Amino acid sequence: MLSFFENILLNTFIISYSGQTKLGELEQYIDEMHTYMSGTNGLSIEMLAINGGISVDILQSFESDVYVKDFTDILAANNIDFKINDTVLFEVPNDKLSR
């Protein structure tokens, strides 16, 4: 049934806050948590809260740092502590579908 979604591409942006994950005693071992949203032909921002922090993943199908730079500029201007992990480049089968 879920395979129906494999061929749907959204030419848009998506902002998703999945909420706070509560794992009790296990939270002390988790520094950050990430998810992956496939099927976005544009910009997708995922946010998850765990262990007193928020992980933000920005997935995009184009080469530009404009959104990441604007977002980190806003954080810095408001004295919000953050760190940026290395960029991960990847390809998924839907990236090659003809339109």
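Of the 99 residues in this protein, 22% count as buried, where buried means under 20% relative accessible area, exposed means over 50%, and partly exposed is in between, with a 1.4 Å probe and protein chains only. Before I go on: this is a predicted model, in which local features need pLDDT of at least 70 and side-chain atom pairs count only at pLDDT 80 or more, while totals for chains, interfaces and linings use all residues. Residues are numbered from 1 along each chain as its sequence is written, and side-chain values use heavy atoms, with hydrogens and water left out.

First, the overall layout. The protein has one helix and three strands, and the order along the sequence is β-β-β-α. Helices here are DSSP runs of H or I with at least four residues, strands are runs of E with at least two, and both are numbered from the N terminus. The accessible surface is about 8000 Å², and carbon and sulfur atoms account for 55% of that; these areas come from the Shrake-Rupley method with a 1.4 Å probe, and for residues only the protein chains shown count as cover. As for contacts, meaning heavy atoms within 4.5 Å, take those between residues at least 6 apart in sequence: 47% of them join residues at least 24 apart.

Now the strands. β2 and β3 run antiparallel and are joined by eight bridges; two strands pair if DSSP finds at least two bridges between them. Two of the positions can be named: Ser44 has Leu59 in β3 as its bridge partner, and Leu43 stands opposite Gln60 in β3. How many of the eight residues of β2 are buried? Seven are, so β2 is largely enclosed by the rest of the structure.

The hairpin of β2 and β3 has two residues between the strands, and Asn51 takes a positive phi there, near 55 degrees. Most residues other than glycine have a negative phi. Asn51 is partly exposed, at 38% relative accessibility. Asn79 also has a positive phi near 55 degrees, but Asn79 sits in the segment after α1 and counts as exposed, at 73% relative accessibility.

Next, the charges. Side chains of opposite charge can pair when their charged atoms come close. The structure holds two salt bridges, a salt bridge being a side-chain nitrogen of Lys or Arg within 4 Å of a carboxyl oxygen of Asp or Glu.

One of them is between Lys83 and Glu32, with the closest N and O atoms 3.4 Å apart. Lys83 is in the segment after α1 (66–77) and Glu32 is in the loop between β1 and β2, so this pair ties together parts that are 51 residues apart in sequence. Lys83 is exposed, with a relative accessible area of 61%, and Glu32 is partly exposed, at 30%.

Asp73 and Lys69 form a salt bridge as well, with their closest N and O atoms 3.0 Å apart. Both residues lie in helix α1, four residues apart, which is about one turn of the helix. Asp73 is partly exposed, with a relative accessible area of 37%, and Lys69 is partly exposed at 44%.

Setting aside neighbours within four places in sequence, Asp57 is in contact with His34, Thr35, Ser44, Ile45 and Glu46.

Last, the surface. Leu23, Leu26 and Tyr29 make a nonpolar surface patch of about 340 Å². Patches are made of residues with over 30% relative accessible area and no salt bridge, joining like charges within 9 Å and nonpolar side chains (Val, Leu, Ile, Met, Phe, Trp, Tyr) within 5 Å. Tyr29 is in the loop between β1 (13–20) and β2 (43–50), and Tyr29 is exposed, with a relative accessible area of 64%.

One more exposed residue is Thr87, at 71% relative accessible area, in the segment after α1. Thr87 and Leu59 are 28 residues apart in sequence, and their C-alpha atoms are 9.9 Å apart in space.
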